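This briefing is intended for a reader who has the sequence and the structure at hand. Please keep both in view while reading the points below.

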Amino acid sequence: MKHRVVALISGGKDSTFTILKCVQMGHDIVALAHLFPPDNKEEIDSYMYQTVGNKAVKEVAHALGVPFFHGLITGCAVTKGLQYSKTESDEVENLYELVKLIKSEVKCTAVCSGAIFSTYQKNRVENVCERLDLVSIAPLWQREQNALLQEMLDHLLEIRIIKVASIGLGNAHVGQTARNLIIHFNDINAKFGFNVCGEGGEYESLVTDCPLFSHRLVIESSRKVMHSYDDLSPVWYEKIDKIRLEEKPGLSKLTLKERLEVSLGHGSI
């Protein structure tokens, strides 16, 4: 069944590739939804949402050319078990209110998310969808991580590492690309059981280019910030100070499906 999809977007590889997979499946992406942290913060260690790199999400939305809706994270993880039901002041309720707002303004039938192995996150998105009579779509769910990351790279996603929090990773890896680090990821996977897609919170990312984008993101100025210290795995993230969009000729007026076909060599402008 073809759906009109609200895409939950963080700017990272999982949510971006989920949009690409939905387009491949024949769905229409009708809105983008993102929740920002409060007080202009860069990182709040949310249980549900990637917040590092949030300053670039508007540029990602512009590159996709899909109506963009955003809200504020005012709650926290009040209910921390795998199962979830409506809970006052929980951060999930911020997502519920945002999707509810979108549904009141845009005709939609489904929500897509980039969940891979987090039952905690998937269950909460499904709870929001059930309450709003929407279908939850998670095309990356339980994919083998090595194959999934390679598929992302094969589909020409440019994945920038913007946060690290794992043994084997440090500030030197912040700002590098997954394409350049995939061999290192495999090495530390063999040594320490590292999750190649970062499903254990080992790293977070920003997609700076993708076949669906009409513009690529160019980071002109950024800083590396230590978020917390640990002898084995200090947490570092990239604070983006200046970013611009660089147009990719001939793509702006195309649909997402047409952009995908052209970029992957299956169509022409």
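Predicted model: local features only at pLDDT ≥ 70, side-chain atom pairs only at ≥ 80, totals over all residues.

Which residue of strand 2 is the bridge partner of Ala 7? The partner is Leu 32.

- Strand 1, which covers residues 4-8, pairs with strand 2 in the parallel sense, and five bridges join them.
- An open sheet is built from five strands, with parallel pairing and the order 3-2-1-4-5.
- The edges are taken by strand 3 and strand 5 (135-137); each has a single partner strand, so one side of each lacks a neighbour in the sheet.
- On average, neighbouring strands of this sheet are turned by 25° against each other, with direction ignored.
- Helix 3 packs on the sheet and touches strand 1, strand 2, strand 3 and strand 4 (110-112). The direction of helix 3 makes about 145° with that of strand 2.

**Aromatic rings**

- A pair of aromatic rings is described by the distance of the centres and the angle of the planes.
- There are four aromatic pairs in the structure.
- Phe 185, Phe 194 and Tyr 203 make up one aromatic cluster. Phe 185 and Phe 194 are both buried, and Tyr 203 is buried as well.

**Charges over rings**

- Lys 122 places its charged end over the ring of Trp 141, at 5.0 Å from the ring centre.
- Arg 124 lies over the face of Tyr 120, and the distance to the ring centre is 3.6 Å.

**Positive phi angles**

- Most residues other than glycine have a negative phi.
- Asp 45 is not a glycine, yet its phi is positive, at about 55°. Asp 45 lies in the loop between strand 2 (28-36) and helix 2 (57-64), and it counts as partly exposed because its relative accessibility is 45%.
- Ser 89 likewise has a positive phi, near 75°. Ser 89 is found in the loop between strand 3 (68-72) and helix 3 (92-105); with 48% relative accessibility, Ser 89 counts as partly exposed.

Terms used:
Residues numbered from 1 in each chain as written. Heavy atoms only, no water. Helix = DSSP H or I, 4+ residues; strand = E, 2+ residues; numbered from the N terminus. Buried < 20%, exposed > 50% of the residue type's maximum accessible area, 1.4 Å probe, protein only. Pairing = 2+ DSSP bridges. Axes fitted to C-alpha atoms, helices over the stretch in contact; angles between N-to-C directions. Contact = heavy atoms within 4.5 Å. Phe/Tyr/Trp six-rings, centres within 6.5 Å; stacked < 30°, edge-to-face > 60°. Lys NZ or Arg CZ within 6 Å of the ring centre and 35° of its normal.
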